[in-house]
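Biologist: I have a protein chain to learn from. Could you show it to me and then take my questions?

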Amino acid sequence: MKPILEIQNISKKFRINHEQQTYLSIRESVSNIFKSKKTTEDFWALSDVSFNVEAGDTIGIIGKNGAGKSTLLKILSKITPPTSGKIIGRGRLASLLEVGTGFHPELTGRENVFMNGSILGMRKQEILKNFDAIVDFAGVNKFIDTPLKHFSSGMQLRLAFAVAAFLENEILVVDEVLAVGDAEFQKKCMGKMADMSQAGRTILFVSHDLTAISNLTKRAVFLKQGKVLVNGETNYVIEKYVEDGITVGKTYNKEINLKLLTPQICEVTINTSMPNNVHQFGKSMSISITSYSPEINGIHSWMSIHITDSKGKGILHTTNGGENLLINGKQGYTRTKCLFENLNLYMGKYFVNLYLSGPPNTEVYERLVDIISFDVVMNGNNHEFGWIPDVCTFIPETNWSIENV
């Protein structure tokens, strides 16, 4: 059976104009209007991109901003032509690339559903059959006969997604546009796309949300500078994407201010099972914190670690308890280490926050927010392991240690 999409050596060139002209007065601008120097530069947004999509595949397309992801989807959707190469499609394609694409602000929601459905190649009977489901999913029942210009951007997004999702096209192309919606709507859309995938429809999904890519797609394509760097099983591709350097803040270092009379954190490192601050699901991970204490009447201090996800939600919190694990109040440097045993965090990006304080319910000496980030990848097919990140805070087993350095 032939692939539903064949993407063969697609390249796309844009010409960038550079006008070399300094700031001039109005008179100089008018007199030099025909004398300004212009240079052009060819920019290849895509270069020799090739891969096939089988019927029923769910494929994620990942890459940094500017990698060519949206350009590829626009070529697939026939919004812009390729400079070279060709695409062979064997099914009707619906795309959701930008909020309101294909909608007219002066027409009502009802009229836009029929117009957009027609643009997507659907017959009137198909639109009528799915109309009630479209409106119900979008949650715009009360406003369906109101001109679209009075809809909020969120309402327009919901209606646009519903039209693309419920009409009976074989291929759905979705860009990062879903990030505009609220959390509840995003969850609803992800559920709908999962249902579509199970029903055998083909989905191409662009997103920076690695968790969504991992949960929804079976295969992924990693684009870098307009070229296919990796093409294969989703978790493998994500692992290569992470290794390529999407993480930032691998260590934290700061010079000590000897004038301060309170403890300070001067160095933080994170030790993960993979390069580039990548933690593999179920493996151990440790965080080492070096702090400096001036002599403060021998008062011991506490170190707390708070980890949040990419949305700022607190995921876990731990502190060094026990008299033998507190930071000595005598002058000098101390290294405090926290080992997380079998850390089963959900796939995604996480941020480390640190608190250095006196005894409980007393002064906080230092608070460091988002000083180090790390990424979590899966180690096989264990996508389900008993908790959901949106509704559950994870409490891990930890093993603290402390030494003078």
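This is a predicted model: local features need pLDDT of at least 70, side-chain atom pairs count only at pLDDT 80 or more; totals for chains, interfaces and linings use all residues.

Biologist: At what angle do the axes of helix α3 and helix α4 cross?

Modeller: Two packed helices are described by the angle and the distance between their axes. Helix α3 covers residues 109-119, and helix α4 covers residues 124-138. Their axes come within 10 Å and cross at roughly 135 degrees. That angle makes α3, relative to α4, oblique.

Biologist: Which residues of α4 does α3 meet?

Modeller: From α3 come Arg 110, Val 113, Phe 114, Gly 117 and Ser 118. By class, this contact has two charged, two polar and six nonpolar residues. The partners in α4 are Lys 124, Ile 127, Leu 128, Phe 131 and Ile 134.

Biologist: Is the crossing of α4 and α5 left-handed or right-handed?

Modeller: Helix α5 spans residues 153-166. Its axis comes within 8 Å of the α4 axis, and the two cross at roughly 145 degrees. The crossing of α4 and α5 is right-handed.

Biologist: How many residues of the contact of α4 with α5 are nonpolar?

Modeller: Helix α4 gives Asn 130, Ala 133, Ile 134, Phe 137 and Ala 138. Helix α5 gives Arg 158, Leu 159, Phe 161, Ala 162, Val 163 and Phe 166. One of the residues in this contact is polar and one is charged; the nonpolar ones number nine.

Biologist: How many disulfides does the structure hold?

Modeller: A disulfide is a covalent bond between the sulfur atoms of two cysteines. Cys 189 is buried, at 0% relative accessibility. Cys 338 is buried too, with a relative accessible area of 0%. The number of disulfides in the structure is zero.

Biologist: Why is helix α2 largely enclosed by the rest of the structure?

Modeller: Helix α2 runs over residues 69-76. Its buried residues are Lys 69, Thr 71, Leu 72, Leu 73, Ile 75 and Leu 76.

Biologist: Which residue just after α2 takes a positive phi?

Modeller: Most residues other than glycine have a negative phi. Just after α2, a positive phi of about 65 degrees belongs to Lys 78.

Biologist: Is Thr 336 buried or exposed?

Modeller: Thr 336 lies in strand β16, residues 332-341. Leaving out residues up to four places away in sequence, Thr 336 touches Ile 287, Ser 288, Ile 289, Ile 327, Trp 400, Ser 401 and Ile 402. Its relative accessibility is 1%, and under 20% counts as buried. So Thr 336 is buried.

Biologist: What phi does Asp 48 have?

Modeller: Asp 48 sits in strand β2, residues 37-53. At 46% relative accessibility, Asp 48 is partly exposed. Asp 48 is not a glycine, yet its phi is positive, about 55 degrees.

Biologist: In which strand is Asp 370 found?

Modeller: Asp 370 is not a glycine but has a positive phi of about 50 degrees. With a relative accessible area of 42%, Asp 370 is partly exposed. Residues 364-377 form the strand that holds Asp 370, and that is β18.

Key. Residues are numbered from 1 along each chain as its sequence is written. Side-chain values use heavy atoms; hydrogens and water are left out. Axes are lines fitted to C-alpha atoms, for helices over the stretch in contact, and angles run from 0 to 180 degrees between N-to-C directions. Helices (H or I, at least four residues) and strands (E, at least two) are DSSP runs, numbered from the N terminus. Angles under 35 degrees count as roughly parallel, over 145 as roughly antiparallel, 65 to 115 as roughly perpendicular and the rest as oblique. Contact means heavy atoms within 4.5 Å. Ala, Val, Leu, Ile, Met, Phe, Trp, Tyr, Cys and Pro count as nonpolar, Asp, Glu, Lys and Arg as charged, and the others, Gly among them, as polar. A disulfide is a pair of cysteine sulfur atoms within 2.5 Å. Buried means under 20% relative accessible area, exposed over 50%, partly exposed in between (1.4 Å probe, protein chains only). A crossing is left-handed if the near helix is turned anticlockwise from the far one by less than a right angle, and right-handed if clockwise.
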